[in-house]
Amino acid sequence: MAPLGPAERVLISQDFLNSAHGQIKCVDCHGGNPNTPLTKEAKADAHAATANFVAYPSEKADVYCSPCHSDITTRFASSLHYTQRGYLERFKIRSGGQDLMSDAKMAAGFNQDCAKCHASCGQCHVIRPTSVGGGLERGHVFYQTPSMVNNCTACHGSRIGEEYRGLHAGEEGWPEGIKADVHYNKGYQCNFCHTGDEMHGDGTPYSYRYIDNPSFVPQCEDCHPVESDTSNIYHKTHVMGDEKLACQICHSQTYKNCNSCHVGGVGITGHSYPDFKIGKNYMKSALRSADYILVRHIPIAPDTYENWGGSITLMDFAAAPTWKYATPHNIQRWTPQTDTTGTTWCGQACHDNHDKYLLTPADVDSNYLDAELKANAPVFVQ
Amino acid sequence: MKNKILVVIWTFLLLGLMACQEKKSDISQKQGLYEVANQSSCVACHTDKALLTEVAEPLENTGGDTGEG
């Protein structure tokens, strides 16, 4: 994503002025002083807080967006993109139920380091996300479908975005032949699977992105029903058989994992690395009924939040795995697991590589050995 | 006669009140939205790339060009 220059970030286009939103007075949404001289010196006066200047009106969607879009804003107010409740609830699981936001130092740290990933209406439909510096994406034109590169993967970039677009091809340390996701190659953008309804929510304050709501959660079977396919021996055995595998086990490629992220600007103190690990499904549900899934190591560590200087610790760090349920976005029909070239039987490529693919205690972050072994006990296959 | 005068006065008062009453309208009419935007200094500046290039300042920390998710 090419960054916007300082002028481009705030330059409005004629298309915007001709649009419906362009008919609204600037001050109706942004406040400020509209009667200042066009000089550098007057810039501060035009954008002064005392003139009630509002840089990001949609942060208050109930005020600025809801008069015309209340059907969406009322739902979005409780969506995970807006509330970041998914993150906060995951924190609670490891902190013995303590709310991160109840500690002033932790809350300040969260707002500084993590809240930039909170999304407002504008960060998907007008500007680039503030986590990458913001700036008007299309000269202030409001667009219904967010840009995959400049909106969606501006936040979901280092794993999903890179995998989906095949950006690890040729990268040192990655296997040869890594490809972009087949859906990307066919031209599908994020919104093909992840609809506006999923993004905006239904008004229910869900606590996790992996919710059991088939109306929201895209399923491979939505487009690729396999239950009726008895001609494919892989599907017959591993989808309709006694032990079910998640689709990604056969159809994903190697993906990025990270160890040990620390707040306060320190970042990843462990390392990020390509890997491909199959674990037990530790969160089976109606929609996620597979017995085995792919798991990705997330960059959490027992001391991740220490630099905020708060009083809440991850006292129950092992209450959730660090190798987490994963749905890598790098799908291909033929992968190292399914490619039978040069093999003597159809499952050889996978079944002869159990040591490589199956998650075992040897795969944990050795810097936090005891905690990691305990946290991932429900996921280990061997 | 007195009653007729009172009826006429009340009728005029009622008509006057009805004329002055704010119409229930959608938000766009109520708050002056969808009027042609005034050519304020906001528009004058933010459509002038040369001027913006002169006055806009680069961000100190853009946070990179891709997110961590």
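Two residues are taken to be in contact if their C-beta atoms, placed from the backbone, lie within 7 Å. The structure is a predicted model, in which local features need pLDDT of at least 70 and side-chain atom pairs count only at pLDDT 80 or more, while totals for chains, interfaces and linings use all residues. Residues are numbered from 1 along each chain as its sequence is written, and chains are lettered from A and ligands numbered from 1 in the order in which they are written.

Chain A contains 18 helices and seven strands (DSSP runs numbered from the N terminus, with helices being H or I of at least four residues and strands E of at least two). Among contacts in chain A with a separation of 6 or more, 63% join residues 24 or more positions apart.

Of the 382 residues in chain A, 33% are buried, that is, have 20 or more other C-beta atoms within 10 Å of their own C-beta, placed from the backbone. A nonpolar core is a set of buried Ala, Val, Leu, Ile, Met, Phe, Trp, Tyr and Cys residues joined through C-beta atoms within 7 Å. The largest such core has 13 residues, and those touching the most other members are Ala246(A), Ile249(A), Leu294(A), Val295(A), Leu359(A) and Val379(A). Strand 6 of chain A gives the most to this core, three residues. Beyond four places in sequence, Leu294(A) touches residues including Ala246(A), Ile249(A), Lys277(A) and Pro328(A).

Definitions and conventions
A residue is buried if 20 or more other C-beta atoms lie within 10 Å of its own, exposed if 12 or fewer, and partly exposed in between; C-beta atoms are placed from the backbone.
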